[in-house]
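I opened a notebook on this structure to record what I looked up. The entries follow the order in which I went through it.

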Amino acid sequence: MQIKPILTALRHHKAGTVLIAVQIALTLAIVCNALFIIHQRVTQLSQPSGLDEAHLIRIQNQWVGKADDKAYGSLMATDLATLRKLPGVADAYATNSVPLSGGGWSMSLRLKADQSAPSAQTAIYFSDDHTLSTLGLKLVAGRNFRADDIRPMSAKEDLLHPAVIIVTRALADKLFPTSRAVGQTVYLANHLSTIIGVVERMQTPWVGMSWGSAASTLVPFRLLTGGTNYVIRTQPGQPDRVRRSAPDALFAQNRMRVIPDQHGVETFRQIRADAYASDRGMAILMGVICVVLLAITAAGIVGLTSFWVGQRRKQIGVRRALGATRGDILSYFLTENLLIGMGGVLLGIALAIGLNLWMVTRFEMQHLSLWYVLAGAVALLLLGQGAVLAPALRASRVSPVEATRSV
Amino acid sequence: MFAYYLQLGLRSLRRNPALTALMVIAIGFGVAASMTTYAVFRAVSGDPIPWKSDQLFVPQIDSWGPAQGRQAGDLPDALSYTDAMALMRAHVGHRQTAIYPVGLSLIPPGQTAKPIAAHGYATYTDFFSMFDVPFQYGSSWPVSDDTGRGNAVVITRKLNQRLFGGADSVGKVINLDGSDYRVSGVIRDWNPKPRFFDVANGSGFGGEADFYMPFTRAIDLQIGTGGNNNCTKVAAAGWDGWLHSSCVWIAYWVELPTAAAVTRYRNYLKGYAADQRKSGRFDWTPAVRLSDVPQWLNLQHVVPPETRVSMLISLGFLVVCLVNTIGLLLAKFMRRAPEIGVRRALGASRREIYKQFLLEAAAVGLVGGVLGLLLTGVGMLGVGLVFEADVARLAHMNLSLVMLTVLVAVVATLLAALYPTWRAASVQPAWQLKSN
């Protein structure tokens with residue numbers, strides 16, 4: 001295939017050529033960045049929480065009226081006994097927060113008391129000896145809490161100073177990259193705690209925190225406050241039934257409580273959906289934009305090429321009359337499109353990287369992987385070839401007789 | 001001539017329906033995507049109190065010090081109890097209030113009703129006049145309730161409807177967490193978007209509060225904050241230990257009506273910070289900052305980054321659609337070069353050619369705008385999928401958005417038509433006539 005005559009011909013269609021190239025370049029820049037955003041969001045929302053999500057229900061409970069903090073301990077114990085007896089319930093415990101719920105406690109950990117910068121930041125989950133079995137957490141080292149490890153803690157009167165704690169593997173690896181974490185001691189706030197167990201994974205309550213999504217610590221305390229979360233693990237196939245029966249059982253047992261209408265009783269699936277709503281939404285929006293954009297760019301190429309074919313019917317007829325085969329005509333238009341496409345793609349790569357660099361400084365985005373740009377470039381070249389195929393085939397069918405017609 | 005050109009334009013558009021449809025669809029999608037994301041952006045980036053946003057200020061004090069591994073300028077976004085009370089006592093602004101969110105349970109009158117969760121704010125009486133809160137019945141509580149820890153409460157129309165059927169309930173008593181409160185006023189629907197006075201807790205676009213109670217009373221009853229509580233270290237146990245700790249959890253607002261008042265307040269803050277060091281409370285001179293409403297919303301990143309990124313991507317999408325339209329219009333217009341040649345030869349000026357072709361483009365833009373309007377409507381239904389529910393609820397179609405959609409479509413298409421029209425008007429009549 002000779003490229004020189006194609007380039008000469010393109011010089012007569014400068015505007016159209018430039019427009020197609022610019023369109024391809026802009027499309028490439030937008031699609032690369034949009035796909036990259038989709039990839040990031042999907043990575044984010046497909047992280048495992050470490051929990052047996054399908055069977056978990058959370059109930060937010062608020063006591064009514066003024067009560068002494070100490071009184072909450074027995075109220076909670078009665079509630080838990082009620083819940084654990086309920087048909088369809090496998091286990092239950094009370095806590096301050098659950099993964100992905102958006103609100104909770106975080107504290108810093110230090111390896112030495114006088115260390116100025118903390119060694120790690122961690123989410124704090126109030127737990128008891130039922131926590132691991134309720135959430136379905138996998139213990140990978142050490143032991144679970146025993147019933148006699150669990151202490152009551154008044155938020156107003158006591159400071160958090162657990163003698164023993166269980167940490168996630170992510171946190172253990174960060175604190176003790178080279179040695180076993182079980183048996184080691186760390187300073188939580190200003191008090192020394194011993195790590196007795198490590199669980200495989202448990203996400204923090206927050207999505208997208210800079211200090212890591214799985215740095216969590218379980219503390220053996222029952223937090224005595226007016227508001228608490230009950231987490232229930234149901235038997236297989238029972239979540240819907242327990243979702244209705246559990247609040248009824250709690251109210252039957254004691255009426256002086258509030259379970260909010262909104263988010264009061266939720267399955268873990270709902271909590272996950274809420275936590276990642278904006279990530280999923282962004283991914284969908286970017287996906288829709290990519291698809292429509294590619295469709296419009298392809299349609300634009302079809303439109304302009306069809307126009308060129310219409311304009312050049314006579315020249316095509318002359319070439320055919322002089323011995324050019326249909327294949328020659330077809331490959332002429334395909335090559336022409338490939339040349340324009342390559343020009344556009346080169347410009348597009350620069351634009352895609354520029355746009356990404358700008359978004360990195362402006363919106364705390366990550367750097368675009370070059371593979372995305374290359375894959376996008378190849379995809380757009382193929383799209384161009386696909387779009388040009390129909391008009392090029394039509395051109396190849398132009399009969400040599402056209403050469404003799406005057407218009 | 002106008003009607004004739006319009007007729008010519010429509011006929012030409014009908015001649016290649018596929019090409020025309022392609023242009024209309026491109027413009028429709030481009031405009032719809034931009035308008036949908038713009039509507040969301042507009043909803044979250046508005047000024048919640050435009051007539052006063054340059055007179056309301058948030059002071060910040062670096063009560064945590066430089067040793068906590070934070071960057072310079074990254075001050076705590078709330079005040080500690082110690083600092084908030086010192087600022088209240090000094091009373092340097094025209095009006096001022098400390099605010100924190102509280103979540104209480106409310107027992108409705110009557111034996112059978114279930115208790116309900118009520119969300120409110122503990123604040124000072126200046127709150128209502130500072131933020132121009134409209135009252136339906138009664139008024140805010142007197143200053144004596146601030147100083148005397150009075151059991152007054154201001155409830156919202158929503159709660160008044162639920163408890164008293166919407167009647168004038170001033171003087172009636174409600175029970176929150178086991179304590180009685182006397183209603184001093186009922187406020188009309190008032191929920192600024194974003195809720196600028198409490199953006200440190202939650203997105204700032206949540207539902208309306210239920211009640212407002214005196215700050216001093218809430219502290220007396222040891223009601224903890226329903227919002228964030230950030231501490232560096234906790235020195236002592238118990239309620240008093242918490243109040244006098246470095247924990248920050250109080251929003252503080254001050255009204256400064258004149259530039260002189262702002263300067264005076266800024267100097268006061270600097271002086272206060274210096275005094276804290278002198279008195280030995282801090283071993284550093286705390287940095288201070290005073291921000292008005294727009295500065296504060298910006299500092300707190302109230303506009304979610306998703307809305308900005310998606311608006312940018314959508315605008316890029318519109319640009320591609322326009323480039324596409326330029327190409328298609330060029331093809332369409334140049335195909336009619338012989339016709340233009342004949343018209344020019346028969347005496348039509350360039351100006352007439354411009355008129356004819358721009359009118360044709362405007363017609364495309366108009367149809368594209370109508371399609372864009374339909375798609376924007378669909379997009380509005382879809383924003384719930386894409387943005388947080390609280391934010392999505394704010395975005396809605398109104399007359400200005402409808403006008404803007406059509407206007408953007410027509411103007412964008414006319415801009416896209418400029419180059420193709422110029423090419424059409426530059427057609428040489430002689431050349432065209434000769435080649436035919």
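Entry 1, terms. I count two residues as in contact if their C-beta atoms, placed from the backbone, lie within 7 Å. I also note that this is a predicted model.

Entry 2, where the chains touch. I looked up the contacts between the chains and found 46 residues of chain B in contact with 44 residues of chain A. I then asked which elements of chain B each supply at least two residues of the side that touches chain A. They are α2 (17–44), β3 (95–107), β4 (116–123), α8 (238–243), α11 (305–335) and α13 (350–386). The largest share comes from α11(B), with 20 residues. By residue class, this side of chain B divides into 29 nonpolar, 11 polar and six charged.

I followed α2(B) to helix α15 (residues 399–425) of chain B; their axes come within 10 Å and cross at roughly 140 degrees. Is that pair parallel, antiparallel, perpendicular or oblique? Angles over 145 degrees count as roughly antiparallel and 65 to 115 as roughly perpendicular, with the range between them falling under oblique, so α2(B) is oblique to α15(B). The crossing of α2(B) past α15(B) is right-handed.

I listed the residues where the two helices meet. From α2(B) they are Ile27(B), Val31(B), Met35(B) and Ala39(B). From α15(B) they are Leu401(B), Leu404(B), Thr405(B), Val408(B), Ala409(B), Ala412(B) and Thr413(B). The contact of α2(B) with α15(B) has nine nonpolar residues, two polar and no charged.

I found 16 helices and 11 strands in chain B. Its radius of gyration is 31 Å, well over the 22 Å that the globule rule gives for 436 residues, so chain B is more spread out than a compact globule. The C-alpha trace of chain B spans about 100 × 55 × 35 Å along its principal axes. Of its 436 residues, 44% count as buried. Among contacts in chain B with a separation of 6 or more, 79% join residues 24 or more positions apart.

I found 11 helices and 14 strands in chain A. The radius of gyration of chain A is 32 Å; the globule rule gives 22 Å for 407 residues, and the value is well over that, so chain A is more spread out than a compact globule. Taken along the principal axes, its C-alpha atoms fill a box of roughly 105 × 50 × 35 Å. In chain A, 44% of the 407 residues count as buried. Residues 24 or more positions apart make up 82% of the chain A contacts with a separation of 6 or more.

How values were computed. Residues are numbered from 1 along each chain as its sequence is written. Chains are lettered from A and ligands numbered from 1 in the order in which they are written. This is a predicted model: local features need pLDDT of at least 70, side-chain atom pairs count only at pLDDT 80 or more; totals for chains, interfaces and linings use all residues. Helices (H or I, at least four residues) and strands (E, at least two) are DSSP runs, numbered from the N terminus. Ala, Val, Leu, Ile, Met, Phe, Trp, Tyr, Cys and Pro count as nonpolar, Asp, Glu, Lys and Arg as charged, and the others, Gly among them, as polar. Axes are lines fitted to C-alpha atoms, for helices over the stretch in contact, and angles run from 0 to 180 degrees between N-to-C directions. Angles under 35 degrees count as roughly parallel, over 145 as roughly antiparallel, 65 to 115 as roughly perpendicular and the rest as oblique. A crossing is left-handed if the near helix is turned anticlockwise from the far one by less than a right angle, and right-handed if clockwise. The radius of gyration is taken over C-alpha atoms; the globule rule is 2.2 Å times the number of residues to the power 0.38. A residue is buried if 20 or more other C-beta atoms lie within 10 Å of its own, exposed if 12 or fewer, and partly exposed in between; C-beta atoms are placed from the backbone.
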